[in-house]
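Open the model in your viewer and keep the sequence panel beside it. This tour tells you what to select at each stop and what is there.

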Amino acid sequence: MKQIHPIRLLSIKTVNILRNTPKFILLTTSIVLLITIIHPLISSSSNKISWEDLKLPGCDIYRGEWVWNPDATYYTNNSCSFIHEHQNCMKYGRPDTDFLKWRWKPNDCELPIFDPVQFLELLVGKSMAFVGDSVGRNQMQSLMCLLSKVENPVDVSTTNEWHFQRWKYTNYNFTIATFWTPFLVKAEQQEGKGPTNNGLFDLYLDEYDVKWTTKMHEFDYIILSAGHWFYRPQMYYENGNLVGCFSCLRNDVKDFPMSYGYGKAFKNAFKAINTSPNFTGTTYLRTFAPSHFENGTWDSGANCVKKKPFKSSETQIDADGLSLYNAQLKEFRVAKEEGKKTGKKFSLLDATQAMLLRPDGHPSTYGHWPQENVTLYNDCVHWCLPGPIDSWSDFLLEMLKMDE
C-alpha cells in the first residue's frame, strides 16, 4: 500500500475536521484569533490612537520620550535675532541650560534633527503662513532661528502691524508669514475686564476672520493652531444670535464647556479652507500645546520651575486640555474627509504629547529683567528659544518629506 507522508496526512485530517465543523464555530474561532492578533497593537498604544494611526510599515513620530542630546543647541539667543523678548530666556538670566539638551525620540523609529538646508531646498519657490495665536508665532520664530544657520530673510511685510508680518528667504524664493487670529473666527473684545477680570470676548463662531481667510490663497502651506485664549470668558454667537457662553457668569445665558467654542472655531476655520476656490495648498493642524502652571492659576502666582522633562508614565493631560485636543481631532478628521472631495490636503502635526512632557521649557520668570516694573505673569504657556519648541520643526520637516 502506498504510504502517505505524515505532513500530508495531517493536512488531510485538518481539511476533514474543517468540513465537519459547524460554520458558526469556525466564524467564532476566526474572530477570536483576529482579536488576539490586533488587541496588543491597540492596548500598547496611547488611548488617543485611531485606526488611521496603525500604519504598517511606518512609525508614529508623535509617541515617544525625550532623550538626552549633548549635541544641542543648534542656535543661540545671540546667533538668532528673531526671538521674541519674552521668550529670550537666556538673555534674561535663566541659569540652567540642561533643558536645552533633549531631543524627541519616537518609540519605534528615529526622528531626524532638523536640517535647515534640506528644508529650504524642499520649499524653493513656496510660501508658508502660521495662522493662530502667540504660540503659533513662537513656533514660526523657532523655525526662523533654525533657518538662520543658512540664511536670514528680508522683511517683505505689506503692513506695519507686527501681528501680520512676512519675510522672504531670497536665495530660495521662500516666504514665511504670521497671521494673528487667537480665536480663528471673527472675535471682538467687550469693554471692561469681564467677569473674571480677564476680558470678555464675543466670538462669532460661524463667521470668518477675514484678516487671514482672504489671504490664505497666497500661500502653499498653512500651519493652523489655537489654544490658550479659549480659557478666557467668551460669549458665543451663531447666525447673529447669542446662543451661550463660556465662564461668563450670567444666569440668563447658557454656559457651555470650553471645548464647544473651540471645536466650533476649528470647524469654521476648516470650512473656510475647504470652500476656498483659490487655496490649493496643504493645511497642517498643529495640536494644542499644554501649559504647566503649578501651585495656582496663571494669574494667581502660579509658576513652572521643573528642570527636566517628564517620562510619559509620569504625567497625563488634564481634563480641559484633553477636551480641547479631542475637539481639534474631531473637526480635523471631518475636514480631511470633506477636503478629499475637492483635492484639499490636511495633515496632523500632533505636538500635544511631546509638549505635555516638557514642564521645564517655559520662560517662567525669565521673560524680562528681575528689576523691571512689569505686569507680566509667570509664563508657563510659551516656550524658551532655543528650547523644546524647536522639535516642532523636526516634525514639520518629516511631514513635508512624507507629503512629497
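**Stop 1: helix α7**

Select residues 319–339. This is helix α7, with 21 residues, and the distance from its first C-alpha to its last is 30 Å, close to the 30 Å expected at 1.5 Å a residue. The expected span is 1.5 Å times one less than the number of residues. Helices (H or I, at least four residues) and strands (E, at least two) are DSSP runs, numbered from the N terminus.

Before moving on, note what you are viewing. This is a predicted model, where local features need pLDDT of at least 70 and side-chain atom pairs count only at pLDDT 80 or more, while totals for chains, interfaces and linings use all residues. Residues are numbered from 1 along each chain as its sequence is written, and side-chain values use heavy atoms, with hydrogens and water left out.

Now colour the buried residues of α7. Among them are Leu 324, Tyr 325, Leu 329, Phe 332 and Ala 335. Buried means under 20% relative accessible area, exposed over 50%, and partly exposed in between (1.4 Å probe, protein chains only). What do the buried residues of α7 pack against? They pack against α6 (258–274), β12 (282–286), β13 (345–349) and α8 (352–356). Contact here means heavy atoms within 4.5 Å.

**Stop 2: strand β12**

Select 282–286 next, the strand β12 that α7 packs against. Five of its five residues are buried. Thr 282, Tyr 284 and Arg 286 point one way, and Thr 283 and Leu 285 the other way. In a regular strand the side chains alternate between the two faces of the sheet.

Two strands pair if DSSP finds at least two bridges between them. Find Tyr 221; its bridge partner in β12 is Thr 282.

Five bridges join β12 to β13, and the two run parallel. Tyr 284 has Ser 347 as its bridge partner in β13.

**Stop 3: strand β3**

Keep β9 on screen and select residues 127–132. This is strand β3; six of its six residues are buried, so it is largely enclosed by the rest of the structure. Look at both faces. Ser 127, Ala 129 and Val 131 lie on one side, with Met 128, Phe 130 and Gly 132 on the other.

β3 and β9 run parallel, joined by four bridges. β3 also pairs in the parallel sense with strand β6 (residues 174–180), over six bridges. Centre on Ala 129. Its bridge partner in β9 is Ile 222, and its partner in β6 is Ala 177.

**Stop 4: helix α4**

Select residues 134–147, helix α4. Its end C-alpha atoms are 20 Å apart, which agrees with the span that its 14 residues should have at 1.5 Å a residue. Is α4 enclosed or open? Since 14 of its 14 residues are buried, α4 is largely enclosed by the rest of the structure.

**Stop 5**

Go to His 382, in the loop between α8 and α9 (391–403). His 382 counts as buried because its relative accessibility is 16%. Its side chain makes a polar contact of 2.6 Å with the side chain of Ser 134. A polar contact is a pair of N or O atoms within 3.5 Å; within protein, one must be able to donate a hydrogen and the other to accept it, and residues adjacent in sequence count only if both atoms are side-chain atoms.

Now select Trp 392, in helix α9. Trp 392 is buried, with a relative accessible area of 0%. Leaving aside residues up to four places away in sequence, Trp 392 touches residues including Val 135, Arg 286, Leu 349 and Trp 383.

**Stop 6: the open sheet**

Show β7, β8, β10 and β11. These four strands form an open sheet in the order β7-β8-β10-β11, with mixed pairing. β7 (185–189) and β11 (241–246) are the edge strands, each pairing on one side only. Pick out Tyr 204, which stands opposite Tyr 237 in β10.

**Last stop: the whole chain**

Zoom out. The chain has nine helices and 13 strands. Of its 404 residues, 48% count as buried.
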